[in-house]
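This briefing is meant to be read beside the sequence and the structure. Please keep both open while going through the points below.

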Amino acid sequence: MSFPSARDGEEYPTDLRGSRRFRWYWLGAGACVLLGTSVLLDVGMGDPAAARLITPVVVLQTVARHLPFVGAAVPRLHGSTAAADAIVWQLRMPRALGGALVGALLAMAGVAFQSLLRNPLADPYMVGVSSGSAVGSMVVILLGGTGLFAGLAQPVAAFAAGIAAMMLVYRFASVGGRIAVHSFLLAGVVVGTFLWSFVPLMVTLAQRAGDSGRGADVMSQLFGSLQFVDWRVVAILAPIGILGGLALYASARELNLLAVGEEAALHLGVNVERLKRRIAVAGAVCTAAAVSAAGIIAFVGLVVPHICRKISGPDHRRLIPLSAVGGATMLVLADWLSRVFLHELQIGVITSFVGAPLFCVLLKRGERSPL
């Protein structure tokens with residue numbers, strides 16, 4: 001749904017603008033409440049053995065005790081304080097928050113690339129970033145360097161390799177300082193496919209090495225997992241997510257104009273080439289950060305923007321923040337299902353099981369009533 005247009009010399013009716021603004025406030029508030037509920041569900045529910053210790057009251061008290069300014073006023077937990085704090089705050093909370101950040105990053109990157117390429121089938125993994133990040137991460141795993149740099153060698157290498165892959169795609173697609181959309185997409189597919197060809201080789205090397213630990217790390221990288229997300233990873237993802245989200249949101253008006261065509265946007269005062277570079281860099285940074293933390297998680301960056309576009313319409317001022325909250329909620333719920341019911345099944349498998357049928361439904365509905 002889109003906003004009604006006023007004719008020249010007319011203004012929007014005040015009551016109509018107020019009613020729409022009131023509705024969007026409620027929609028945003030509801031989405032945030034759903035995300036908060038999902039995080040508390042992921043943090044509070046676990047195996048039956050821990051259920052007697054980790055009650056909803058214990059979860060709320062534990063979280064409140066670590067909040068600034070109010071933590072000292074929260075009463076001490078009943079029962080085993082140390083055990084509850086270790087389970088809730090040290091294990092589950094960073095995993096839930098990390099999942100929310102990864103989901104938000106992938107969803108925002110999906111919006112960015114779908115808008116940049118003007119292709120509803122575009123997702124963050126079509127431009128080679130995920131393949132580069134996967135290769136960088138696997139190189140560190142196979143070399144046994146996961147313990148370097150205080151355990152951050154793997155995500156740092158994955159992030160750097162993803163950005164390097166994006167720079168390579170940009171180099172191939174840039175002609176005379178201009179980027180053609182179709183060249184950018186083709187370069188991304190070619191570079192991504194080339195880099196992905198190294199993945200089976202690395203999987204084979206990991207299997208022949210006979211190290212079950214390395215094999216598990218490789219599988220987690222290929223199919224996505226939040227098992228290794230801790231507070232250090234959250235501390236890295238948070239500023240990247242904030243900066244990436246702000247960069248995309250600051251470009252929302254220009255993305256709205258770009259949707260009508262490059263020539264029209266240029267006539268309306270948009271520096272199209274600079275906008276392309278900004279969106280490509282922001283999308284690549286968001287994707288590389290997400291893959292470096294959790295591996296390759298499919299369909300979040302493809303399906304969530306479509307669902308949110310059905311709800312909010314094509315206006316990027318609402319689409320970008322709503323997609324961020326939607327992606328965060330989807331990944332937190334998928335992590336909860338994996339941890340509680342599916343014996344730590346890789347989270348990318350769950351998002352594929354849910355996302356593929358859901359995207360088919362959206363595709364069939366779009367054929368009957370296109371956006």
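This is a predicted model: local features need pLDDT of at least 70, side-chain atom pairs count only at pLDDT 80 or more; totals for chains, interfaces and linings use all residues.

Which helices do the buried residues of α11 pack against? They pack against α4 (81-117), α7 (153-173), α12 (252-258), α14 (272-294) and α16 (316-340).

**Overall make-up**

- The protein has 17 helices and two strands, and buried residues make up 47% of its 371 residues.
- Among the contacts between residues at least 6 apart in sequence, 75% join residues that are at least 24 apart.
- The protein exposes about 18200 Å², and carbon and sulfur atoms supply 68% of that area.

**Helix α11**

- Helix α11 covers residues 231-250, and its 20 residues should span 28 Å at 1.5 Å a residue, which agrees with the 28 Å that separates its end C-alpha atoms.
- The buried residues of α11 are Val233, Val234, Leu237, Ile240, Gly241, Gly244, Gly245 and Leu248.
- An α-helix has 3.6 residues a turn, so residues three or four places apart point the same way.

**Salt bridges**

- The structure holds 12 salt bridges, and some of them are described one by one in the points that follow.
- The side chains of Arg65 and Asp85 meet in a salt bridge, with 3.7 Å from N to O. This pair links distant parts of the chain, with Arg65 in helix α3 (residues 56-65) and Asp85 in helix α4, 20 residues apart.
- Within that pair, Arg65 is partly exposed, with a relative accessible area of 22%, whereas Asp85 counts as buried at 16% relative accessibility, because the cut-off for buried is under 20%.
- Glu254 forms a salt bridge with Arg278, and the closest N and O atoms of the two are 2.7 Å apart. Here too the pair links distant parts of the chain, since Glu254 belongs to helix α12 and Arg278 to helix α14, 24 residues apart.
- Glu254 counts as buried at 15% relative accessibility, while Arg278 is partly exposed, with a relative accessible area of 28%.
- Asp315 counts as buried at 8% relative accessibility, and Arg318 is partly exposed, with a relative accessible area of 24%.
- Salt bridges that share partners join Arg118, Arg178, Glu262, Glu273 and Lys276 into one network.

**Nonpolar patch on the surface**

- Phe194, Phe198, Leu201 and Leu205 form a nonpolar patch on the surface, and together they have about 390 Å² of accessible area.
- Helix α9 (residues 198-209) gives the most to this patch, with three residues.
- Phe198 is found in helix α9, and at 31% relative accessibility Phe198 counts as partly exposed.

**Cysteines and Ser312**

- The count of disulfides comes to zero, where a disulfide would need a pair of cysteine sulfur atoms within 2.5 Å.
- Cys32 is partly exposed, with a relative accessible area of 47%, whereas Cys286 is buried, with a relative accessible area of 0%.
- Ser312 lies in helix α15 (residues 300-312) and is buried, with a relative accessible area of 2%.
- The C-alpha atoms of Ser312 and Ser323 are separated by 9.5 Å, and the two residues are 11 residues apart along the chain.

Notes. Residues are numbered from 1 along each chain as its sequence is written. Side-chain values use heavy atoms; hydrogens and water are left out. Patches are made of residues with over 30% relative accessible area and no salt bridge: like charges are joined within 9 Å, nonpolar side chains (Val, Leu, Ile, Met, Phe, Trp, Tyr) within 5 Å. Accessible areas come from the Shrake-Rupley method with a 1.4 Å probe; for residues, only the protein chains shown count as cover. A salt bridge is a side-chain nitrogen of Lys or Arg within 4 Å of a carboxyl oxygen of Asp or Glu. Helices (H or I, at least four residues) and strands (E, at least two) are DSSP runs, numbered from the N terminus. Buried means under 20% relative accessible area, exposed over 50%, partly exposed in between (1.4 Å probe, protein chains only). Contact means heavy atoms within 4.5 Å. The expected span of a helix is 1.5 Å times one less than its number of residues.
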